[in-house]
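Please read them with the structure open beside you.

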Amino acid sequence: MSYLIETILSGLLAGVMYSLVALGFVLIFKASQIFNFAQGVLCLFAALTLASLMLGNTPFSELLHTLGLPNDWMPVVPIWIAVPITILVMIGLAFVIERFVLRYLVNQEPIILFMATIGLAYVLEGMGDLMWGSDVKPLSVGLPEGALDWMFDRFDIYVDKLEIAAAVVATVLVIALSLFSQYTRIGRALRAVADDHQAALSVGISLRTIWIIVWSIAGFVALVAGTMWGAKSGVQFSLSLIALKALPVLILGGFTSIPGAILGGLIIGVGEKLAELYAGPYIGGAIENWFAYVLALAFLLVRPQGLFGERIIERV
Amino acid sequence: MEPETVPQRDVLMEVRNITLRFGGVTAIEDISFDILEGEVRAIIGPNGAGKSSMLNVINGFYHPQEGEIWFRGEKRKAMKPHEIARHGIARTFQNIALFRGMTTLDNIMTGRLTKMHRNMFWQAIWRGPAEREEVEHREVVERIIDFLEIQHIRKTPVGRLPYGLQKRVELGRALAAEPKLLLLDEPMAGMNIEEKEDMCRFILDVNDEFGATIALIEHDMGVVMDISDRVVVLDYGRKIGDGTPDVVRNDQTVIDAYLGVAHE
């Protein structure tokens with residue numbers, strides 16, 4: 001029994017991580033109908049920047065070395081400075097993406113924007129490699145780690161403190177985001193743009209500004225998600241592949257729903273752990289790798305708009 | 001009816017020789033007219049006459065190939081729709097473009113966005129100045145809600161409202177921006193007689209009480225003639241008539257355009 005609870009708990013907590021990544025997707029998709037393939041790489045890039053700053057790595061050190069320039073002048077940056085710097089980098093990135101990519105693709109087909117984000121993903125990944133190198137970096141942001149003792153002592157259930165911390169952070173983030181979008185001027189503008197571009201323009205909302213804000217927020221969410229994953233398993237380039245796990249999460253939850261992204265993440269987290277536990281022994285394990293996709297496929301057949309997505313009804 | 005009062009007003013907007021083409025199709029050809037401060041100006045014409053295109057030109061959704069727009073005594077340079085909104089031109093849409101997932105209150109609050117610029121990004125997160133500003137603008141919005149008699153649907157998501165009420169909310173949103181010029185694209189399309197009468201009353205009251213200049217497009221000739229000071233008539237992208245409702249009503253070209261002419 002305690003083993004089952006342990007499995008479900010660890011599934012829920014892994015699900016929180018998926019939800020965090022999916023959340024970044026939903027934000028951008030709602031505001032601009034862009035499926036941002038680069039969201040996973042944004043997580044990677046943010047975590048990479050944070051980890052490297054804290055390790056005192058010099059940006060472009062390989063490049064500088066090749067050019068014969070000094071390449072180890074960066075001091076080790078303490079976390080309370082490194083985090084704001086990383087946030088600024090992500091906001092700067094949002095500006096650059098709007099200025100050099102999105103601005104030229106306004107009113108294009110969604111597939112073209114999607115292709116642009118694939119390109120963006122590769123550019124960013126290469127950029128991350130060039131700036132910070134491709135070695136696995138430890139990232140310790142001072143979150144508690146190890147087993148939660150009293151749970152272990154009393155119920156014999158192993159729960160990682162780090163994962164609890166991740167769940168708390170994710171909850172706070174989601175609450176903050178929904179309060180922001182519900183009660184502030186910019187939040188209202190964001191919702192307006194998500195609802196109707198033309199009407200938003202007619203009340204004086206600048207789409208460019210909104211896009212920069214949305215990508216900045218998505219960058220911030222990516223930083224949180226990337227930090228959590230990085231703290232768990234080190235910052236490595238396979239992090240960008242998590243983006244692919246977020247895809248089934250979105251199909252489950254619906255591309256336009258924040259609660260959907262969260263619930264979808266949790267269902268997939270728990271589902272794949274349970275599948276591994278119960279069906280794994282019979283079909284040889286490694287179910288975790290593909291379970292999410294099969295579940296998503298089943299969902300596409302039954303409820304293509306997802307749990308909370310907007311139902312697409314075409315009037316004829 | 002006092003046609004003599006018309007010339008005493010200042011010109012708020014003047015469109016001069018506007019031509020708009022989409023590829024090979026000319027939607028508007030060499031149209032000029034003016035809109036006077038404080039008047040209700042109607043643009044009428046049969047289907048495909050270029051009425052909505054004209055509104056979209058004024059509002060900045062379309063950029064004409066030729067012609068000038070003068071607004072408040074200045075020639076307007078090419079601007080984006082959101083910049084034009086900030087310059088005091090608000091509009092409604094023929095097919096209702098509300099933020100469907102948001103409540104009536106929130107929808108009308110979006111009309112105040114251009115007026116709320118004091119708070120910076122982070123102030124929006126930490127309450128205080130941003131909250132005070134919010135309350136201040138809420139009062140304006142509540143006045144508009146009272147005025148349009150939609151108190152009972154303040155917290156209802158507009159997607160659930162009946163058509164006539166949605167039209168009214170949309171008017172409220174445009175009004176919230178306190179526009180110098182209010183563009184109404186078929187404000188009475190698809191309404192029953194009762195709703196039309198309500199809407200007429202609101203339009204006239206908006207004109208009176210808020211002092212907004214109104215340019216409206218309408219299909220229903222009867223309605224237009226009752227509420228507008230002057231009327232522009234378009235047909236096939238050209239202007240075929242311009243004047244007070246009485247003048248326009250008796251103009252042979254206008255009658256022909258609306259009723260069709262027998263070809264011998």
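1. Helices here are DSSP runs of H or I with at least four residues, numbered from the N terminus. With that in mind, in this predicted model residues 205–229 of chain A are 92% helix and 0% strand, and the end C-alpha atoms of this span lie 36 Å apart.

2. The UniProt record, an unreviewed entry, gives "transmembrane region" for residues 205–229 of chain A, and among the other stretches it lists with that feature are 36–56, 76–97 and 104–124. Over residues 36–56 of chain A the model has 81% helix and 0% strand, with 31 Å between the end C-alpha atoms.

3. Helix H2 (residues 39–55) and helix H4 (residues 79–100) of chain A have axes that come within 9 Å and cross at roughly 145°, and the crossing of H2(A) and H4(A) is right-handed. On the H2(A) side the contact includes Ala46(A), Leu50(A) and Leu53(A), while H4(A) brings residues including Ala82(A), Ile85(A) and Val89(A). The residues of this contact divide into 10 nonpolar and 2 polar, with no charged ones.

4. Helix H5 (residues 110–132) of chain A, with 23 residues, reaches 32 Å from its first C-alpha to its last, which is close to the 33 Å expected at 1.5 Å a residue. Its buried residues include Leu113(A), Ala116(A), Thr117(A), Leu120(A), Ala121(A) and Leu124(A), and H2 and H4 of chain A are among what covers the buried residues of H5(A). Residues three or four places apart in an α-helix point the same way, because there are 3.6 residues a turn.

5. Just after H5(A), Gly133(A) has a positive phi of about 80°.

Key:
Residues are numbered from 1 along each chain as its sequence is written. Chains are lettered from A and ligands numbered from 1 in the order in which they are written. This is a predicted model: local features need pLDDT of at least 70, side-chain atom pairs count only at pLDDT 80 or more; totals for chains, interfaces and linings use all residues. UniProt positions are given in the numbering used here, feature names are shortened, and annotations may be inferred rather than shown by experiment. Helices (H or I, at least four residues) and strands (E, at least two) are DSSP runs, numbered from the N terminus. Axes are lines fitted to C-alpha atoms, for helices over the stretch in contact, and angles run from 0 to 180 degrees between N-to-C directions. A crossing is left-handed if the near helix is turned anticlockwise from the far one by less than a right angle, and right-handed if clockwise. Two residues are in contact if their C-beta atoms, placed from the backbone, lie within 7 Å. Ala, Val, Leu, Ile, Met, Phe, Trp, Tyr, Cys and Pro count as nonpolar, Asp, Glu, Lys and Arg as charged, and the others, Gly among them, as polar. The expected span of a helix is 1.5 Å times one less than its number of residues. A residue is buried if 20 or more other C-beta atoms lie within 10 Å of its own, exposed if 12 or fewer, and partly exposed in between; C-beta atoms are placed from the backbone.
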